[in-house]
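The exercises below are meant to be worked through with the sequence and the coordinates side by side. Try each task before reading the solution that follows.

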Amino acid sequence: MLKSVSRIFAHLQSSKQCVNVATRPLSSKPDQRQAELMARSLPKRMPLPGVQHIVVVSSGKGGVGKTTTAVNLAVTLARHGKTVGLLDGDIFGPSVPRMMNVSEAPLVDEQNRMVPLLNYGVKCLSMGLLVDTGPVVWRGPLVMSAIQRLLKGAAWGPLDILIVDTPPGTGDVHLSLSQNVPIDGVVLVSSPQAAALDITKKGAQMYRTLQVPLIGLVENMSHVVCDKCSNRIEFAENLIDQYVQELSVEVLARVPIEKDVMQCSDAGTPVCLKFPDSLLAQAYDTIATK
């Protein structure tokens with residue numbers, strides 16, 4: 001029988017993992033034995049049952065459209081006939097529930113695994129479905145435990161592709177993902193702005209250090225097309241080409257700014273579904289195909 005999963009994360013609030021690491025004694029020069037023990041304590045990368053491929057959507061910078069890209073990529077892949085899952089890895093600021101129009105708490109099956117919600121042909125799971133509307137105020141160990149639970153404590157399979165939307169930065173969530181499951185590749189997202197590209201480059205270097213392949217870069221909010229004269233206005237022409245050359249990746253697509261993106265996201269209808277013939281939908285179709 002399926003039952004409510006609201007208690008699944010209750011124990012995390014009182015978990016002994018929530019420890020102030022500053023109170024722990026630190027050795028300035030850990031010996032070889034300590035280093036071996038630390039390496040031994042890291043989780044092993046284990047495939048998710050029934051999941052063929054895992055693709056991460058990432059950027060060190062916030063506000064560049066990672067979730068919008070992840071949502072529309074997942075839905076577009078589903079329209080291409082793939083079985084797709086979408087994991088919201090942003091523990092502190094989950095937005096997948098609103099953008100995918102899902103709000104019910106997931107149930108659990110007989111094996112105590114969460115059952116992702118299904119909408120638009122995509123299986124969805126997010127911390128936003130498991131906690132109240134208040135903020136999540138957790139230390140790093142709790143965040144890593146939550147990510148492990150969302151990954152390995154859910155009945156994802158069978159899936160061709162699991163898309164993982166990640167938060168800004170290069171911290172706990174990214175490390176936990178890389179250490180727990182084999183990631184087939186990362187789709188980088190950035191706006192054509194030097195400040196955003198600099199941080200995206202750091203995120204790319206992090207994944208390269210973790211030996212995770214880079215699939216390519218999505219130039220989001222690349223340009224705008226006037227709805228009266230159809231003139232295309234570039235915001236930073238050729239700037240992104242310099243960065244992709246340094247990173248040795250290709251530009252998967254250049255996605256324009258359109259007001260429909262905000263309206264569709266707020267309404268919980270992916271823009272690629274509501275406007276299938278738009279330039280936006282064509283861009284996401286290109287990304288999905290590649």
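**Exercise 1. Cysteines**

Is cysteine 226 buried, partly exposed or exposed, and what is its relative accessible area? Decide also how many disulfides a search of the whole structure finds.

*Solution.* The model is a predicted one, and its values are computed from the atoms. Begin with accessibility: cysteine 226 has a relative accessible area of 27%, and because buried means under 20% and exposed over 50%, cysteine 226 counts as partly exposed.

Next, look for a partner. The closest cysteine sulfur to that of cysteine 226 belongs to cysteine 229, at 3.5 Å; since a disulfide requires the two sulfur atoms to lie within 2.5 Å, this pair is too far apart for a bond.

Then turn to cysteine 264, whose nearest cysteine sulfur is that of cysteine 272, 9.1 Å away, and which is likewise in no disulfide. Cysteine 264 is buried, with a relative accessible area of 4%. The search of the whole structure finds zero disulfides.

**Exercise 2. The surroundings of asparagine 231**

Locate asparagine 231, and state which residues it touches when those up to four places away in sequence are not counted.

*Solution.* Asparagine 231 sits in the loop between strand 11 (223-225) and strand 12 (232-234). With a relative accessibility of 44%, asparagine 231 counts as partly exposed.

**Exercise 3. Salt bridges**

How many salt bridges does the count come to? For the pairs of glutamate 246, arginine 254 and glutamate 250, find the partner and the distance.

*Solution.* The count comes to six salt bridges, and three of these are taken in turn here.

1. Glutamate 246 pairs with lysine 201, with the closest N and O atoms 2.7 Å apart. Glutamate 246 belongs to helix 8 (residues 239-247) and lysine 201 to helix 7 (residues 194-209), so that the pair links distant parts of the chain, 45 residues apart. Both ends are partly exposed, glutamate 246 at 40% and lysine 201 at 25%.

2. Arginine 254 pairs with glutamate 219, the closest N and O atoms being 2.4 Å apart. Because arginine 254 lies in strand 13 (residues 251-254) and glutamate 219 in strand 10 (residues 214-219), the bridge ties together parts that are 35 residues apart in sequence. Arginine 254 is partly exposed at 33%, whereas glutamate 219 is buried at 2%.

3. Glutamate 250 meets lysine 290 in a salt bridge of 3.7 Å, N to O. Here glutamate 250 comes from the loop between helix 8 and strand 13, and lysine 290 from the segment after helix 11 (279-289), so parts 40 residues apart in sequence are tied together. Glutamate 250 is partly exposed, at 41%.

**Exercise 4. Two helices**

At roughly what angle do the axes of helix 5 and helix 6 cross, and which residues meet?

*Solution.* The axes of helix 5 (residues 140-152) and helix 6 (residues 172-180) come within 9 Å and cross at roughly 45°, which means that helix 5 is oblique to helix 6. The crossing is right-handed. At the contact, residues of helix 5 including Val143, Met144, Ile147 and Leu151 meet residues of helix 6, among them Val173, Ser176 and Leu177.

How values were computed
Residues numbered from 1 in each chain as written. Predicted model: local features only at pLDDT ≥ 70, side-chain atom pairs only at ≥ 80, totals over all residues. Heavy atoms only, no water. Salt bridge = Lys/Arg side-chain N within 4 Å of Asp/Glu carboxyl O. Helix = DSSP H or I, 4+ residues; strand = E, 2+ residues; numbered from the N terminus. Buried < 20%, exposed > 50% of the residue type's maximum accessible area, 1.4 Å probe, protein only. Axes fitted to C-alpha atoms, helices over the stretch in contact; angles between N-to-C directions. Parallel < 35°, antiparallel > 145°, perpendicular 65-115°, else oblique. Left-handed = near helix turned anticlockwise from the far one by under 90°. Contact = heavy atoms within 4.5 Å.
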